[in-house]
Amino acid sequence: MDHTGVTPPGAITAPDLTDVVLGEGPFLTVYLTTEAAIENAAQRSELRWKDLRTELVGQGADEHALAAVDPLTADAHLEGECLAVIANGKGLLHVAHEPDPPARDVGRWGPLPMIGPLLEWRQSQVPHVVALVDRTGADVFLFRAVGRDVHVEVAGDDDPIHKAKAGGWSQPRYQRRVENTWEANAADVAAELTKLTDKEEPHLVAIGGDVRAVELLKEHLPKRVLDLVQDVPGSRASDGSVDAVVDDVTRLVATAAAADTAALLAKFLEERGQADRAADGPAATLEALSRAQVEVLLVHADPDDGREAWFGPEALPVAVRPDELKDFGVAEPTRAPLVDVALRAALGTGAGVRLIPGAGGPAGGIGAILRWRD
């Protein structure tokens with residue numbers, strides 16, 4: 001077995017969801033639109049849930065699982081545009097409030113949870129840092145894909161900050177003191193920004209604010225941080241907020257997420273083209289997953305994809321036909337949607353995942369970059 005080449009970063013791992021997908025089913029999955037910018041938002045969300053709940057009862061969903069969702073809907077619009085829930089007969093397993101609404105409301109009762117949309121949201125939320133600076137310091141914000149965001153205020157020296165008017169024998173000395181203060185403050189901001197970047201490993205660092213302060217800050221940043229820097233217009237807000245640059249940073253984050261996907265797809269196509277570390281199509285990908293050979297699973301998660309695959313009580317093996325699992329000693333294979341089976345196996349074997357567009361990649365919208373070649 002041989003490993004060749006370097007796989008680009010960008011694959012998603014989800015230890016919290018691994019425990020869920022390997023748990024006891026059947027599972028209830030809900031993606032419910034929870035709009036905030038409408039009148040009677042709570043009532044609208046509850047009406048949507050009522051309709052979806054009726055559909056789920058028709059699918060045979062467990063009443064305990066449905067009842068666990070009931071109290072979540074009224075206030076969900078206060079947290080985000082989509083309420084995402086996974087539950088089973090014992091209660092809630094995962095609750096998330098996502099910033100964007102789903103393409104449509106989804107309710108499913110089945111042997112596996114549908115986690116594709118959760119992973120797709122996570123990969124769109126690229127970890128990044130925003131630093132808004134002036135000559136007295138900076139507000140530095142860390143935005144994580146998962147977990148709490150962080151705001152750090154760096155307060156430098158403010159004596160003196162402003163240059164004096166021309167004239168006077170002490171003018172040159174005073175001007176130097178001002179420049180030295182700016183320089184020291186920029187060095188303090190650079191130290192904090194570097195520490196945060198080294199610890200959190202963001203995909204990009206957006207910097208905006210006073211032009212001279214930004215210039216000085218960049219002069220103090222090491223190359224490993226400077227390589228991540230993108231400039232954004234705007235200034236440091238008096239209330240310490242990041243509101244003024246939200247649109248520009250959002251655009252940079254979306255570009256970074258798309259670049260991660262493009263890089264992994266390019267690597268897959270390269271490996272497939274030279275018949276090396278690639279599995280292409282459902283059968284080959286499930287076979288590679290069963291050998292724990294997958295480094296990054298690439299899959300298009302369409303909620304309406306009707307293809308199915310088979311799995312057993314453990315993460316592995318998986319297969320496109322039940323008789324293949326019986327050859328591995330799985331007495332009673334279980335059938336579920338192909339994408340859900342593949343995602344469960346990937347997470348259960350520590351593989352990374354990248355959700356991809358439906359065209360221009362692996363055959364049938366599913367493939368993998370492998371850990372080694374045979």
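Me: Which helices and strands each supply at least two residues of the lining of the largest pocket?
Reply: This is a predicted model, in which local features need pLDDT of at least 70, side-chain atom pairs count only at pLDDT 80 or more, and totals for chains, interfaces and linings use all residues. Residues are numbered from 1 along each chain as its sequence is written, and side-chain values use heavy atoms, with hydrogens and water left out. Helices (H or I, at least four residues) and strands (E, at least two) are DSSP runs, numbered from the N terminus. The elements asked for are β3 (91–98), α4 (116–124), β5 (128–134) and α8 (246–273).

Me: How much space lies in the largest pocket?
Reply: On a 1 Å grid over the protein atoms alone, a pocket is an open set of points where a 1.4 Å probe fits, with protein on both sides within 12 Å along at least five of seven lines; lining residues have an atom within 4 Å of a point. The lining here has 27 residues, with P99, Q125, F143, R144 and D149 nearest the centre, and α8 gives the most, six residues. Volume is the space filled by probe spheres set on the points, which are joined across faces, edges and corners. For the largest pocket this comes to about 760 Å³.

Me: Which element gives the largest share of the lining of the second largest pocket?
Reply: This pocket holds about 480 Å³ and is lined by 28 residues, among which G116, P117, E120, A301 and L355 lie nearest its centre. At least two lining residues come from each of β4 (106–110), α4, α8 and α11. The largest share, six residues, comes from α4.

Me: Which residues have the most contacts inside the largest nonpolar core?
Reply: A nonpolar core is a set of buried Ala, Val, Leu, Ile, Met, Phe, Trp, Tyr and Cys residues joined through side-chain atoms within 4.5 Å, where buried means under 20% relative accessible area (1.4 Å probe, protein chains only). The largest such core has 43 residues, and helix α11 (residues 338–348) gives the most to it, with eight. The residues with the most contacts inside this core are L119 and L297.

Me: What does L119 touch, not counting residues up to four places away in sequence?
Reply: Contact means heavy atoms within 4.5 Å. On that basis, the residues touched by L119 are I12, A14, L17, L343, V353 and L355.

Me: Which residue is the bridge partner of L142 in β7?
Reply: Two strands pair if DSSP finds at least two bridges between them. Strands β6 (residues 137–143) and β7 (residues 150–155) pair in the antiparallel sense over six bridges. In β7, the partner of L142 is V150.

Conventions. Buried means under 20% relative accessible area, exposed over 50%, partly exposed in between (1.4 Å probe, protein chains only).
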